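Open the model in your viewer and keep the selection panel at hand. The stops below go from one selection to the next.

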Amino acid sequence: MTVRIALATSADHPDLHEDDQPLVPALRTAGLDPVIEVWSDPSVDWSSYDAVLLRSVWDYHTRYVEFAEWLGQLDKAGVRVLNDSALVRWNADKSYLLELRERGVAIVPSQVAAGACLREVVAGLAGQEIVIKPTVSASALNTVRGVAGSEQLERAMDDLPDTVYLVQPFQREIVTDGEWSLMFFGGVYSHAVVKRPAAGDYRVQHEYGGTVERVEPSPAVLGAATAALAAGSRTAPAYARVDGIVSAGRFLLMELELIEPYLFFPDHAPAVDALATAVADQLAAAQPRGQAVAAAG
């Protein structure tokens, strides 16, 4: 019987992001029956699907409570989520970086703070150029950069919503050398790019003028990224993007993207088939719902 799989997207991209659209025929070729669905659409019968593949759900961080409830509905209905819903919940809060540091992963120095503690943490970094970002966020939303203790940064912090933040020293290498993104499918390395911000900016996202170059990582960079992924997930996720910088010859993890990362398919066309194959393999390896219940009984 053909496995029905929903490709979850957002209302802003009801047909998927254009760079993800080749996934539909690739999944069909892999033996699956893919259907594009908007995750927040209340009319969708998610229980009619065998699995849900998270793709361009790029508004989840602005509606996180609703998103988490939706994941709970999928879990209750026995619908498998790729990546795994528990892994997605863990990955949604950037404080996971501190956990990975405890597991031996080299990360960009990070502190987590909220409320009055945020001011205290920033005061302790007086004179340093820092970046403040919400622990649940994406696309540089509510992210500010400035010199700790400066009037300019204080004013910027006045406008930040009351939530939990990650505070990090600004990494100059983002401007001088760029930020690495390494893609993995089923735990297997696929390709990598370096993202660079526009002149005068520090944000590498396309919407801020950032550019991308396809590159091949050194054995050291690839090894560090592979180790970071292994530390974050006991089993290989269907897809992953490992973001970081190289500082003093050492790869430092900035983010482990396991929810809805842009995967730079146009920069490496074989990656589309690699993801489709990884998804098909993981679903084939999973027990059918009825069989899983019988085994538990």
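Start with a single residue pair. Select Glu 179 and then Lys 195 in strand 10, which is its bridge partner. This is a predicted model.

Five strands make up an open sheet, in the order 11-10-9-12-13, with antiparallel pairing. At the edges are strand 11 (211–215) and strand 13 (250–257), each of which pairs on one side only. From one strand to the next, the twist averages 30°.

Helix 8 lies across strand 9, strand 10, strand 12 (239–247) and strand 13. Its direction is at about 60° to strand 9.

Next, go to the start of the chain. Select strand 1 (residues 3–9) and strand 2 (residues 32–38), which run parallel and are joined by seven bridges. Within this pair, Ala 6 stands opposite Val 35 of strand 2.

Colour the chain by domain. The domain assignment gives domain 1 (3–92), domain 2 (111–170) and domain 3 (173–264). The centres of domain 2 and domain 3, taken over C-alpha atoms, are separated by 23 Å.

Which residues have the most contacts inside the largest nonpolar core? Select Val 52, Leu 54, Phe 67, Trp 70, Phe 185 and Val 279; the core they belong to has 46 residues. Among the elements that give two or more residues to this core are strand 1, helix 2 (64–77), strand 9 and helix 9 (270–285). Helix 9 gives the most, with eight residues. The core lies between domain 1 (3–92) and domain 3 (173–264), because both give residues to it.

Leaving aside residues up to four places away in sequence, Phe 67 touches Trp 39, Leu 54, Val 57, Tyr 60, Val 88 and Ile 259.

For the last stop, select Leu 87, Tyr 96, Ala 192 and Ala 225. They are among the 25 residues of another core, which lies apart from the largest one. In soluble globular proteins, nonpolar side chains tend to be buried together.

Notes. Residues numbered from 1 in each chain as written. Predicted model: local features only at pLDDT ≥ 70, side-chain atom pairs only at ≥ 80, totals over all residues. Heavy atoms only, no water. Pairing = 2+ DSSP bridges. Helix = DSSP H or I, 4+ residues; strand = E, 2+ residues; numbered from the N terminus. Axes fitted to C-alpha atoms, helices over the stretch in contact; angles between N-to-C directions. Contact = heavy atoms within 4.5 Å. Domains from an automatic or database assignment. Core = buried A, V, L, I, M, F, W, Y, C linked by side-chain atoms within 4.5 Å. Buried < 20%, exposed > 50% of the residue type's maximum accessible area, 1.4 Å probe, protein only.
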